[in-house]
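Me: I would like a close look at a single part of this model. Please start with a simple question about surroundings and go on from there.
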Amino acid sequence: MVDEAGLARRLWIKFKDSSVFALYTPFFVGLASATLDSHTFRHFVSQDLHFLKAFALAYEMAEDCADDDDDKVAIRALRKRVVQRLQMHDKLMQEWGLEIPDESVSNDATTKYTDFLHATASGKVEGGKVPGKIATPFEKTKLAAYTLAAVAPFIRLYAYISNEIQGILDPDDDSHIYKRWIDSFSSTDFEETALQNEEMLDKLSVSLTGEELEILEKLYHQAMKLEVDFIINSGLPIPQKDVVPLSRVHDFTECHLTILCDFDLACTAFDSSAILAEIAIRTVPKSESNGSETRLIRLSSADLRSTWDILSSQYTEEFEQCVETIVASEKAEGFHYEDLCSALEQLAEFERKANERVVQSEVLKGLNLEDIKRAGQALILQDGCRSFFQKIVKDENLNTDVHVLSYCWCSDLIASAFSSGDLNVLTVHSNELAYDESVTTGEIIKKLESPMDKLQAFTGILKGPCKSREDKHKHLTVYIGGSVGDFLCLLQADIGIVIGSSSSLRRLGDHFGVSFVPLFSGLVKRQRQRAADEDGSSQWKPLSGTLYTVSSWAEIHAFILGTYAPPPS
């Protein structure tokens with residue numbers, strides 16, 4: 001791959017979430033499952049002619065701008081690859097079993113990208129100076145760098161998507177109707193083209209100023225957005241048998257969507273218990289300086305930190321011991337929900353005892369409510385989490401309610417974390433801290449301490465919108481979590497999505513026959529089933545024994561909403 005320190009690599013990492021919105025489109029889910037309509041695929045491939053011609057011209061213009069002879073040779077080699085692919089286009093169409101189209105007309109999304117690329121290569125760059133006839137070699141080199149930045153995400157995106165699809169296909173299955181296309185873009189030859197373009201971009205951008213690098217980054221991002229828009233529009237209109245995006249496949253004016261989510265390490269990067277402990281430790285001096293007497297006697301900062309370290313270490317050690325005890329029993333053959341429930345009772349008792357130790361330690365005593373709220377408002381959520389929920393609650397076409405279910409000791413912390421961006425409509429279900437006026441007493445009002453408590457809350461929530469609904473299929477539930485405490489809710493939801501990498505959750509799941517399937521792979525399989533479905537057997541159902549794994553909120557967003565959500569600049 002490209003050097004980790006290289007500019008091209010850094011830009012790809014920064015904007016990689018955008019590629020997820022392309023991967024999760026009806027087009028690529030259909031292509032990966034070999035259910036994509038051949039007419040749609042033929043039109044998609046026909047647009048390659050316009051892209052390739054635009055690349056060839058852009059490389060020619062970039063070569064003219066390059067000052068160094070070695071750079072000219074390298075860019076000329078990139079153009080040669082494009083020209084060769086142009087010359088092979090008709091042959092490739094025939095190899096893929098497609099009719100060679102007439103001189104195709106570019107669609108609007110294609111034209112937007114090719115116009116953007118030509119404008120960039122011509123020097124018409126927003127915020128940048130247009131080189132004149134007496135442009136310096138440095139100005140011309142800068143323009144060559146801009147041009148390659150407008151090409152790089154296009155090539156890298158196709159390499160990434162084709163490799164993702166290749167990774168879930170059977171290498172020995174030659175019956176896939178789009179295998180040749182997938183093989184072509186996941187080939188070492190295509191990867192080499194992507195790398196050469198990125199290496200050239202790195203080299204040409206070395207001498208750019210900070211302001212010029214900002215312009216280059218915007219060009220890269222804009223190119224990525226335009227290509228993703230092209231892919232998103234390639235699969236429209238959506239056939240009735242598509243599985244993505246969820247919000248368009250189902251009619252949520254008729255069907256109610258309930259989204260439930262854990263908080264700690266699902267929405268956040270840090271566990272809330274550590275945040276509350278840190279507030280307690282950090283605010284001791286302020287609490288004790290208000291007067292010679294304090295209403296609530298507190299431990300010193302040093303004692304608090306020492307006590308918290310002991311509690312934290314003890315929790316981790318005993319939790320791992322509990323998991324070890326469970327997996328030491330005979331491994332289940334197939335999915336055994338009842339056995340899993342019985343095993344989780346051991347963890348429930350452990351969690352209750354751990355919470356009682358926290359209360360007795362008094363580490364949560366004397367916290368000011370305003371300090372808690374400020375900490376919540378300053379809490380940084382996982383990338384994409386806030387924007388996903390904002391889109392959900394603002395979408396008037398979705399009949400949706402959103403709930404947060406958490407072991408967190410303080411519902412005020414969670415509510416404050418979601419207080420901005422119109423997210424105060426999210427309903428929080430968690431434990432609460434007891435207050436004497438606005439200062440915590442150290443007691444925890446315990447509501448959710450175990451997987452069974454979470455499941456009880458989950459069941460209670462679903463009774464609300466379902467009370468007057470005779471058809472249970474008109475209610476769809478999605479649960480998002482990643483801890484052992486989420487296990488039963490994940491399995492009871494129609495769609496259980498695991499975010500994060502809890503080894504304990506995986507170990508327990510494997511022991512009781514739960515399958516963990518990457519979400520994209522699961523959608524491709526479900527797309528095949530949906531295309532062949534005669535009796536509705538491909539509907540989402542609870543207690544299937546399958547949970548779907550994701551590595552980012554972008555995947556959840558793309559699956560449920562399907563809308564492109566660029567990261568903040």
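Are Phe319 and Phe350 buried or exposed?

Reply: Both Phe319 and Phe350 are buried; buried means under 20% relative accessible area, exposed over 50% and partly exposed in between, with a 1.4 Å probe and protein chains only. The model is predicted: local features need pLDDT of at least 70, side-chain atom pairs count only at pLDDT 80 or more, and totals for chains, interfaces and linings use all residues. Residues are numbered from 1 along each chain as its sequence is written, and side-chain values use heavy atoms, without hydrogens and water.

The structure contains 36 aromatic pairs, where ring centres of Phe, Tyr or Trp (its six-membered ring) lie within 6.5 Å; planes under 30 degrees apart are stacked, over 60 edge-to-face and the rest tilted. One of the pairs is Phe55 with Phe154, which is edge-to-face, at 4.9 Å centre to centre and 80° between the planes. It links distant parts of the chain, since Phe55 is in helix 4 (residues 48-65) and Phe154 in helix 7 (residues 137-166), 99 residues apart. Helices here are DSSP runs (H or I) of at least four residues and strands runs (E) of at least two, numbered from the N terminus. Phe55 is buried at 4% relative accessibility, and Phe154 is buried with a relative accessible area of 6%.

For Phe319 and Phe350, the ring centres are 6.0 Å apart and the planes stand at 50°, so this pair is tilted. Phe319 lies in helix 13 and Phe350 in helix 14 (residues 337-361), so the pair ties together parts that are 31 residues apart in sequence.

Helix 13 (residues 301-327) also holds Val323. Val323 is buried, with a relative accessible area of 1%. Leaving out residues up to four places away in sequence, Val323 touches Ser504, Arg507 and Leu508, contact being heavy atoms within 4.5 Å. Val323 and Arg507 are 184 residues apart along the chain, yet their C-alpha atoms are separated by 8.4 Å.

Strand 3 (residues 400-405) pairs with strand 4 over three bridges, and Leu405 stands opposite His429 in strand 4.

Methods. Pairing = 2+ DSSP bridges.
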